[in-house]
Amino acid sequence: MIPLIFERGKARRYYWCGALMLALGLLSLAACAQPGAAPPAETTAEPPPAVQPTALPAEALAAVDEFASQGAMLDEEWGQIREEFDEWGAGLTACLPSSMHQALNGFAIEFNGVTERARNLTRSQTTGELADVVIAAAEEEEAAYRQLRDRWQPNNVALFEAVETQRTAAAQAHSQAEDRAIELRETFEDSPDAETINEFSLAFDKVKDDWQNLHDEYTELREEAESMEVEDVLAGLDELVKKLNEIIGALDELPHLAGTENTVDDMLSAAKVERKELRTAAKPAKPAKASSTTASATTTTDGDSSSSASSAAGSSTTAQTSDAKDEAEEVPELPDFTKADESVEAGETALKQAARTVRSVADVDVEESLGELATFNSEHRRLRSAWDDFHDDYNAWRENEGGCDRADVISELDQFSLRMSSLASDVRALPQTGFLLPMYTLVVDAAEREETAMRTLRYTWQPFTVDAFKGLHEQRIVTDGLRRETAIGLQELRSRF
C-alpha cells in the first residue's frame, strides 16, 4: 500500500540529502580550479544568490492539509479494496486450469470402476446378450471421459457434448437390456410343459432323420448316375419325390411348440423348393438327335464303272444312314442335376438350423434360466445405482464447473468494480486549486487507470485461463508509480510553508 499522506521525516531527509549533495558538488568544482595568482580584488565576482522556492501564503496550508487528509482516507479505502480483492482472488483455486485437469482425471478414474462392475455381470447362455449390451455402453462412456481428460481446452464444449451423447446412448442400452430381460422372463414363464416338449421333440427327430436319409440317398444316386441306366436314375428321383411328400406332410403335422413356429415354416419352404427341383429333374429329357451321315459313293480308279454298280452302292449307304438315325433317337439323356443340387444343399442348411433352434428350446431349463435372469437383474440394478451416483457427482460438478461458479465470480467482480468506481469518483472530488493541480492530476489518473482495469477484468474474465488477473496487476504497477509521484509533490508543497 502506497500512503498518500507521506512520511514527513523521510521526505525531509530526502530534501536535506539533496541540498548536501549540491553543496559537495560546488566544493569539488572549486577544488579542481587551476592554481595561480589571485585576481585583482576589483575583478572578483560575487557568487549568485541561491534560488529559494517561492513561499506559499499561510492560508494555502489549509488546502494542502485538506488534500492530505482526504487523500489519507481514500488511500486507506484503496488499500482495503486491494487487500480484499487479492484475498478473494487467491481463493479461486477451483478456476485454475490445474483444478480442471485434476477433476477430469478423477472422473475418468472413477468411471473405470463402473466399467469393471459392468464386466463382472453374470454372462450365462440366458444373460450373455444382455450383459454385452451394458458392457459396451460402459466402455464407450468411459472412453468419452478419457478423451475429455486428455483433450480438454478452456471454453471448448465439444468434448463435454460428446460425453452427454454417450450418456444418452448408455441410458438407451440400460433400457434395452431391461426390456429384453422382461421378454425373456415372460417367455420362460410361458414355456410349454415337459410332455409337450417331449412330444414335439420325438416327432421332429423322426422328420429330421427321414430328411437326412433322403439326402443321403440323393447323394448316392448323384454319384452313381453316370454308371446307371437313365431310366433307373429317373425312377430313383421319382422315389425321392414320394418320400419328400411324406416329409412335408409330417412337417405340417408337427405338434405346436412355442418358439419353433418360424423354424418349422422355414423347413417347409425349403422342403417344397427341394421337391419342385427333384420333380423337374425326374422328367425324361428329350433324346439328342444324331447327325445324319451320308456315305458318298466310292469313286473307283476304274473310269469304266457301270451305272448299275453306282446305283446299288447309293442304295446301301442310304439304308445304313436311316438305321443309325433311328438308333440315336432311342437313347435318352441324364437329367440336369444343377438346380436339384442347390435345393438339396439349401434343405441341409435349413435342417441344421432347425435342429439347433429346437435343441435350444427343448433343452432349456426354465427354472435355471429364470434364476440366471433374476441374478442378472439384481446385479444390473446395483450397477445402475453406482452409475447414477457417478452421474449425480458429475452433474453437480458441471453445474458450477467444479467449484468455479461463473455467476458468483462475475457477481464478485461487479462489486469490486463498483467499489473501485466509487473510489475513483471520490478521488476526483479532491481539492484542485492551482498549486495542487499537478498532484490532483496524478492521483486522478492513477485511480481511473485502476478503475478501467477492474472494469475490463469484469467483462473479459474467463475461468481456467492462465494469468486471468495479469492485466490488473500490471496496471497496479503503473498506478503505484503515479501515487508515489503525487506523494513527493505534496511533500514539496508542504516544505514551502
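## Overall architecture

Among contacts (heavy atoms within 4.5 Å) with a separation of 6 or more, 86% join residues 24 or more positions apart. The model is predicted: local features need pLDDT of at least 70 and side-chain atom pairs pLDDT 80 or more, while totals for chains, interfaces and linings use all residues. Residues are numbered from 1 along each chain as its sequence is written, and side-chain values use heavy atoms, with hydrogens and water left out.

The protein has 14 helices and zero strands, taken as DSSP runs (helices H or I, at least four residues; strands E, at least two) numbered from the N terminus. Of its 497 residues, 34% are buried, that is, under 20% relative accessible area, where exposed is over 50% and partly exposed lies in between (1.4 Å probe, protein chains only). The accessible surface (Shrake-Rupley method, 1.4 Å probe; for residues, only the protein chains shown count as cover) is about 29800 Å², with 52% belonging to carbon and sulfur atoms.

## A buried alanine

Ala 340 belongs to helix H10 (residues 338-362). Its relative accessibility is 1%, so Ala 340 counts as buried. Leaving aside residues up to four places away in sequence, Ala 340 touches Tyr 218, Glu 277 and Leu 278. The C-alpha atoms of Ala 340 and Glu 277 are 5.0 Å apart, although 63 residues separate the two in sequence.

## Helix positions

Glu 110 is located in helix H3 (residues 97-119). With a relative accessible area of 38%, Glu 110 is partly exposed.
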